[in-house]
Amino acid sequence: MDEVFKALGDASRRRLLDSLNARNGQTLRELCSGLDMARQSVSKHLALLEAAGLVVTARRGREKLHYLNAEPINAIADRWIGQYARARVRALADLKTALEQETMSDTEFSYTTYIKTTPERLWQALTDPAFTSRYWGVTFETDWAKGSRVTWVMGDVRMSGPEQVVLESDPYRRLSYTWHSFTPEFVAEQKIDAETAAALNAEPRSKVSFDLEPAGELVKLTVLHDGFGPDSTLLGMVSEGWLPLLSSLKTLLETGEPLPEPK
């Protein structure tokens, strides 16, 4: 926590965070172009922000992209919030972050959180129906081998097809699969209007990836949902949904119970 306060205490570093808040996923060159600072100075500030957990990075080909991570700031807020209000405030804070991230990129959603668990336990929570049904309300029928088909089950709704497949599967490290189709049954169950359903079915199929990285007693979980087209309808929907879902996953692993359903 001391590292977070130290990182936030510098005006230049706060400007870098403001820049990422306005548009997430920037390269070093892009960050330098928007600030009156030398490249070397920006690199040093970013290193301090990354060490404090306020910035996380991901490789895309030869480029290194920088993303704002709100988790340490949420942790500071939690320190001064009563234990009975903590779950609700965390959910609201995560939802606020998700809604803000809608505008950060028009082609992807990215979020990083730290969970007090093990990679094995987190992998189980991402793949085992006994876990996914509790915090997501979804189960997956698949063997989680690369190339295998994935059937999504949501109550009485089943969604399967040749394009719903496992893209990558490295147990306890990385999992990636394509998103589900928007079947008439799913549209009816979710009460999606005809215009929105048509827009969803006209979009390219997106994919989600989970990267798991041990961090002492914690596991760093980075979720990247990408493959959206410009002005994606689905991107707006998943941006509103991912953070409450991930907060519930975190709470389940750390307390044994998912967050309560909103009333």
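**Note on the predicted model**

1. An open sheet of three strands runs in the order β4-β5-β6 with antiparallel pairing; two strands pair if DSSP finds at least two bridges between them, and strands (E, at least two residues) and helices (H or I, at least four) are DSSP runs numbered from the N terminus. The edge strands, β4 (139-141) and β6 (157-159), each pair on one side only. Neighbouring strands are turned by 25° against each other on average, direction ignored.

2. This is a predicted model, in which local features need pLDDT of at least 70 and side-chain atom pairs count only at pLDDT 80 or more, while totals for chains, interfaces and linings use all residues. Residues are numbered from 1 along each chain as its sequence is written, and side-chain values use heavy atoms, without hydrogens and water.

3. Strand β5 (residues 151-154) pairs with β6 in the antiparallel sense over three bridges. V153 has R158 in β6 as its bridge partner.

4. The axes of helices α2 (residues 11-22) and α4 (residues 39-51) come within 10 Å and cross at roughly 80°; axes are lines fitted to C-alpha atoms, for helices over the stretch in contact, and angles run from 0 to 180 degrees between N-to-C directions. The two helices are therefore roughly perpendicular (65 to 115 degrees).

5. On the α2 side, S12, R13, L16 and L17 meet V42, H45, L46, L48 and L49 of α4.

6. L175 lies in strand β8 (residues 174-178) and, at 0% relative accessibility, counts as buried (under 20% relative accessible area, 1.4 Å probe, protein chains only). Its C-alpha is 5.7 Å from that of S209, 34 residues away in sequence. Beyond neighbours within four places in sequence, L175 has contacts (heavy atoms within 4.5 Å) that include W123, W144 and F210.

How values were computed: Parallel < 35°, antiparallel > 145°, perpendicular 65-115°, else oblique. Buried < 20%, exposed > 50% of the residue type's maximum accessible area, 1.4 Å probe, protein only.
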